[in-house]
Amino acid sequence: MIRSMTGYGEAEQDTAVGRLRAEVRTVNHRYFSANLRLARAAERFEPQIREWLRAWMPRGHVNYALRIESQSVVDTEGPTLQLDEARARQYHRALTELKDKLGLPGEVDLALLARYNDLIVPMDDAGAPELDAELVRQVTEAAAESAVRMREQEGERLAADLEARIVSMEGSLDRITVFAPERLIAERDRMRRVVAELLEGISLDEDRIAREIAHLAERMDVSEELVRMRSHIELFRESVAAPAKDPVGKRLSFLVQEMNRETNTIGSKANDSRLEHEVIAIKDEIERLREQIENVE
């Protein structure tokens, strides 16, 4: 079954370092792309995290966040921040030297130093034990799995909507199959009537009329297009129902493109208001298919 590319998942795990909290949000994208926001202690795992996420979600844009709550927060709800005093002294010294050298007015005070957001840091960023890569993988994959479950649930709703569009298109194709021969008979009768009026009582050349009708039938025949349309629809259904091991969004997009091509050909051969109305209905459903498929993995 297909998957949507829209999903959300989260997971957490207690460790010696603190509580890991992973959050995954996904939206549609032509390829896999990931935006990661990591606690400083986890930044060294960025390449591995990208690959872990790609394995779960080969297509779509992923926003991933990994936070670490220090053990003091988990246990006592105590302070979560601390001052990087060494860096604050460096800033103060550098700014004071700049003020003296350039003869600038003002004071290097607390208000000025507070503008530098790297002076007060989370406690997990300073002096915390090193993270275990296996724990990072576990919490990352748990959040990704949760997001995939949501994508599968959304995929079921997408599949139901796509099937409704396909059924509607099949109804139009069935009516075109009925109307197309009737249109040819009506065109044959019209041709006989027009020729008879022009000849004003002179006997008709039945062989000539038969050849013209055969030529007309060849130009107006849509049977090949109908066969190809039904073949595309069958493959479309198979792709939607296939196990979601590999992304199928691009394949579905290609099939919809081919459906649109065949529908345009039928429309160019229509020469009948009933067929034209059905072609318009099919093209409307194709456009809705195209919009929905944009969010299929």
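Tutor: Buried means under 20% relative accessible area, exposed over 50% and partly exposed in between, with a 1.4 Å probe and protein chains only. This is a predicted model, where local features need pLDDT of at least 70, side-chain atom pairs count only at pLDDT 80 or more, and totals for chains, interfaces and linings use all residues. Residues are numbered from 1 along each chain as its sequence is written, and side-chain values use heavy atoms, with hydrogens and water left out.

Student: Which residues are buried in helix 9?

Tutor: Helices are DSSP runs of H or I with at least four residues, numbered from the N terminus. In helix 9 the buried residues are Leu275, Glu278, Val279, Ile282, Glu285, Ile286, Leu289 and Ile293.

Student: What arc do they cover around the axis?

Tutor: An α-helix has 3.6 residues a turn, so residues three or four places apart point the same way. The arc is taken from the directions from the helix axis to the C-beta atoms. The buried residues Leu275, Glu278, Val279, Ile282, Glu285, Ile286, Leu289 and Ile293 lie on the same side of helix 9, because they cover an arc of only 130°.

Student: Which exposed residues does the face turned away from the buried side carry?

Tutor: That face also belongs to helix 9. Its exposed residues are His277, Ile280 and Glu291.

Student: Is His232 buried or exposed?

Tutor: His232 is placed in helix 7, residues 223-241. Its relative accessibility is 14%, so His232 counts as buried.

Student: With which residues is His232 in contact, leaving aside neighbours within four places in sequence?

Tutor: Contact means heavy atoms within 4.5 Å. With those neighbours left aside, the partners of His232 are Leu255, Glu258, Met259 and Glu262.

How values were computed. Helices (H or I, at least four residues) and strands (E, at least two) are DSSP runs, numbered from the N terminus.
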